[in-house]
Every structure is written in C-alpha cells, then in structure tokens.
Amino acid sequence: MNRADMLARAADRKEPWDLVVVGGGATGAGVAVDAASRGYAVLLVDRGDFGAGTSSRSTKLVHGGVRYLRQGRVGLVLEALRERGRLRRNAPHLVRDLAFVLPCYSRWDKLVYGVGLKAYDLLAGRSGFGRSVGVSTAEVVRRVPTVRTAGLRGGVVYHDGQFDDARLLIDLVKTAADLGAVVLNYAPAVGLTRGPGGAVDGVIVRDGESGAEFRAAARVVVNAAGPFCDAVRRMADPAATPLVAASQGSHVVLDRRFLPGDTALLVPKTPDGRVLFAIPWHGHTLVGTTDEPIPAAPAEPRPTAAEVDFILETAGRYLAEPPRRADVLSAFAGVRPLVRAGGANTAALSRDHTIRVDAPGLVTITGGKWTTYRNMAEDGVDRAAELAGLPRRPCRTRDLPIHGSVAPEVRRLADADPALAERLHPALPYTAAEVVRAARAEMARTAEDVLSRRTRALVLNARAAVEMAPRVAQLLARELGRDGGWAAGQVRAFGELAKGYLV
Ligand SMILES: Cc1cc2nc3c(=O)[nH]c(=O)nc-3n(C[C@H](O)[C@H](O)[C@H](O)COP(=O)(O)OP(=O)(O)OC[C@H]3O[C@@H](n4cnc5c(N)ncnc54)[C@H](O)[C@@H]3O)c2cc1C
C-alpha cells in the first residue's frame, strides 16, 4: 500500500464510488473489506492513522464476554462466540487461544463460576477454544505463580481468544486494498455534499498532509467514525440528536514478572461491579479496564490518575506483590462508542451495534465490539447497498482469509541489508526492518504510527519508545523523502504524546 498512489486514485476518480466509508477503525475497515469483497467500488478514509481511535486501545480479547453472560444477555454472547470462532479461522496468524484462571476464595464462588463458564462452553459449541474446568488451589498457583494464596479455594480455568488489535486493523485495511478498495489515512471527511433531491451524495475529503481538498462522490456514505460518529451525522443534519454516549476505558502495562505464566487472570467482580483482566501480552502484563462516562470523546484520551490507581489497587488484591505506580511501563485509554439507551451507567449500555439512517444516502454504524466487527460490517453493507439501490450481492466474509503475517517480509528486508536487522531498543524486540516495512507497505507516515500501531512499543514501554523515536524518525525520513527538520519535529511530537502514557 502506497499513500501517494492511494491519494491519486481517490482524488482523480470521476465516477461515484459505490460506498465511501468515513472512519478506518474496526468498523470502517470491516465495512471496506465486506463491500470490496462483494465487488463494490469502495473508498475508505480516516482523519488520522488507521486504527488510531478506539480500535488500537482495547483489551485485545476476541471474546464472547463472560460478564454479559452474568447479565443474562445470551444472544449477544452467542453472536460474539460465533464471530470469535470465525475470526480465529480467518486470521489464524493473529488470534490465539488464551487460558484464563478465575481465582475463587469461597467454595460457593467456585460452584457458581464453574456452572456459568460451562454454559459459556455450551454456547460456544464447536468453536475450537479450550473447555472450562474447575481446578485445585495448587493448579491455580501453578498457572499464576504470583496469585495471592491467603484464603484461596481453587479456581476455574476457561478459554477465550487473544489478538493484537492494531495489527488486525492494518491487516484488514490491507485485505480491503487487496480486494480493490482505495484506503487513505490522514484524510479527514470535512463535509458531506447533497444532490438535487437532498440525498447525501458525496464526501469532502481533506488530504491531511497537503491541506488540499477533493470531493469523493458516493452512491452511499457509511459513517463509521466510532465515538465521533455524531459529528459526521451533524454534517448532514446539524440538529441530529446524539446517538452515542462516550465511556473511557484505561489499561496499564507492567513487567511480565507480575504474571510470569501463559495464563491470564480474571477478577470476576471489581468494586464497581465490572471484571478486571490481567493478561500476558507481547512479553508484558496488560491490566484493565475501567468504565468512566465522559461528556465527549477527546482526540487523544488519557488515563486519569484515579483510573490508574483503581486498576493497580484492584489487581493488587489478587496478586502477592501488588503493583505500584512506579511499576507502570505504559498506561493508555480508549473511548467506547456506546449506543445511548438512557440512564447514566455506561457499564449497562448496549454493546450491540446500531445501524441508523438519518438522511438518504448516509448510513451510520456504531456500537458493537472488536470481536463482532465482521457481522456489524455485514449488516452495515446490506443496509447501505439496499439504501443506494446497489445490485444485491451476498456477503463473502464469513470464510474470507485476512491478509497474512508480516514476518517473512521483515526477514527478507533484513537479509538484503543486515543493518536493518539492528534491534531498536534492548527492552523491546523491534528492528529497523520493521520501520522500513511499515513505511513501504503499510502507509506509516509518522513516528507515532510506527511506535504505537505498526509496532506496539508505546503501549508496552513508553520510556523505551521515546528512546527509540530518534532512530525511527531517521529511518522514516529516509523512506518518505523527508529532511532532518521533519525528523526532529517527529521526535518532539512523539515525546509530547508519550508523556500521556507515562504515569
Ligand atoms: C477500553 C476498551 C477495551 C475494549 N476491549 C475490547 C476487547 O477486548 N474485545 C473487543 O471485542 N472489543 C473491545 N472493545 C471495543 C472495541 O475496541 C470497539 O468496539 C471498536 O474498536 C470500535 O471501533 P470503531 O471502528 O467503531 O471506532 P474507532 O476505532 O474509534 O474508529 C473510528 C475512526 O473514525 C475516524 N474518524 C472520526 N472522525 C472522522 C472524520 N471526520 N473523517 C475521517 N475519519 C474520522 C477516527 O480517526 C477513528 O480512527 C474495547 C473498547 C474499549 C474502549
């Protein structure tokens, strides 16, 4: 994928696109893959980098949602479990089976959680993930050697899927491009156009790098702007009532010694009635999350001190060595686009997706979760195609493989130029070849794109990422034909951003 080429194809097209998708998160990328695989002409634009919004800030679980089961929302769990199985089949390079232990401090808990997780297995059917089982205290300790043992009465082990959200996102965007879609990052939709009959018939797109604007004519516009979808809806109808309620969720990342095994830990009930996960991820321990209603989504959400303390305190009740603020390597926040259902408690709002047509020619699709991005996209494209009167074509994504692993290409680059095999930081596994590859094949445009999403350096270890930034900026400048001043600006901007990830 080459941005200059994508920009030229987007700006020069004379005839209307079948669909223009606004927003390149899980929802928009899913819609682009679905529509392109049906043979529709698709343009996907994101105002920043692909996945820079909520879709790179999740707990990284492909899951049915055990906590929704507790809420009795069987349909939602069933749908997510079905999608969990499909995603593992279609992206086996990215989704892996992860065992979780739920530590029990009373026999009653063990019985209740054991029965609940058996129901989870039954709903999953033959989805290929491991079965849940009650285990002894010794087995809990074997799996999670750092667990607090005072009063421990065994536990329940169950299974879900784990993935890398930003990586899957880029692979989806590449899949869409392979299928003929034109995909453009740093390209905000700044306005919608209407035809003589009043229907939305195009998007004004700004090239975020040059500032130039062009109109992308569309048979239908799909608004997949996540927490910002109301702003896009207001481009068509300034009086549109808000559809989403924003809720912030944060995570902290710790050293692997806090969870040295391969099994994750599930805290089944936090003081605010949620669940908390501690998960082994890329050689580190990822802990979260929170659910804080916020009045509006900021472009760059930051974890609050109270969220970080809540996560550390809650995890500390279950770990023999409670983590402290000084142990936090990185902390990050994301904003859930929850569909409003009235009431103030966002933990109880809908995780189902919603499709809304506010004006002819404009379909908004939001809500849902990463795990269900594919069926959200299927429903969204069905609705958009119907609205635009496109020829009916069946969905093809249920068994569609998602673009494969990056490792062979990185190896090839390093073999051709051994200097690129250089490790960028002793604390993280990334090499210079990954930066070059991200720029050449994945439309990485900034140090942040490389350090936050093409690699996960920023979310794994913010200080290490800051130390990597000068070399990354230098490599990127060479690839993108930029000068030393540009590279210095990248280092400065990244340093500012990274402050928000340091506790
Ligand atoms: C803390 C947290 C943990 C989560 N954990 C999980 C999990 O473990 N598993 C799971 O299945 N789900 C999880 N989710 C849910 C999941 O992450 C979200 O449902 C999903 O990422 C939403 O994707 P989206 O594409 O709708 O939104 P986003 O990813 O926010 O994408 C919207 C995009 O639109 C772009 N945009 C906005 N305005 C414009 C414009 N004018 N022009 C062009 N582009 C624009 C933005 O830049 C952004 O990239 C979690 C969510 C949170 C917040």
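This short talk goes through the domains, the ligand shell, the nonpolar cores and one hairpin of this structure.

To begin, this is a predicted model, in which local features need pLDDT of at least 70, side-chain atom pairs count only at pLDDT 80 or more, and totals for chains, interfaces and linings use all residues. Residues are numbered from 1 along each chain as its sequence is written.

Domains first. The protein chain is assigned domain 1 (3-54 + 166-242 + 348-399), domain 2 (83-162 + 245-339) and domain 3 (407-499); such bounds come from an automatic or database domain assignment. Between domain 2 and domain 3, 6 residues of the one are in contact with 6 residues of the other, contact being C-beta atoms, placed from the backbone, within 7 Å. On the domain 2 side, those residues are 3 nonpolar, 3 polar and no charged. Here Ala, Val, Leu, Ile, Met, Phe, Trp, Tyr, Cys and Pro count as nonpolar, Asp, Glu, Lys and Arg as charged, and the others, Gly among them, as polar. The centres of these two domains, taken over C-alpha atoms, are 30 Å apart.

Now the ligand. Which residues come nearest? Of the 40 residues around the ligand, they are Gly-23, Gly-25, Gly-53, Gly-226 and Gly-249; a residue counts as near if its C-beta atom, placed from the backbone, lies within 6 Å. Two elements give two or more residues to the shell, helix H2 (26-37) and strand E16 (330-339). E16 gives the most, with 4 residues. Helices (H or I, at least four residues) and strands (E, at least two) are DSSP runs, numbered from the N terminus. By class, the shell has 15 nonpolar, 19 polar and 6 charged residues. Domain 1 and domain 2 each supply at least three residues to the shell.

Next, the cores: sets of buried Ala, Val, Leu, Ile, Met, Phe, Trp, Tyr and Cys residues joined through C-beta atoms within 7 Å, buried meaning 20 or more other C-beta atoms within 10 Å of a residue's own. The largest nonpolar core has 84 residues, and Val-252, Val-435 and Leu-451 are among those touching the most other members. Helix H15 (residues 462-480) gives this core the most, 10 residues. Domain 2 and domain 3 each contribute at least three. Apart from it lies another core, of 78 residues, including Trp-17 and Ile-365.

Last, the hairpin. Strands E17 (residues 353-359) and E18 (residues 362-367) run antiparallel, joined by 6 bridges; pairing requires at least two DSSP bridges. Val-357 stands opposite Val-363 in E18. The turn has 2 residues between the strands, and Gly-361 there has a positive phi of about 90 degrees.

Definitions and conventions:
A residue is buried if 20 or more other C-beta atoms lie within 10 Å of its own, exposed if 12 or fewer, and partly exposed in between; C-beta atoms are placed from the backbone. Two residues are in contact if their C-beta atoms, placed from the backbone, lie within 7 Å.
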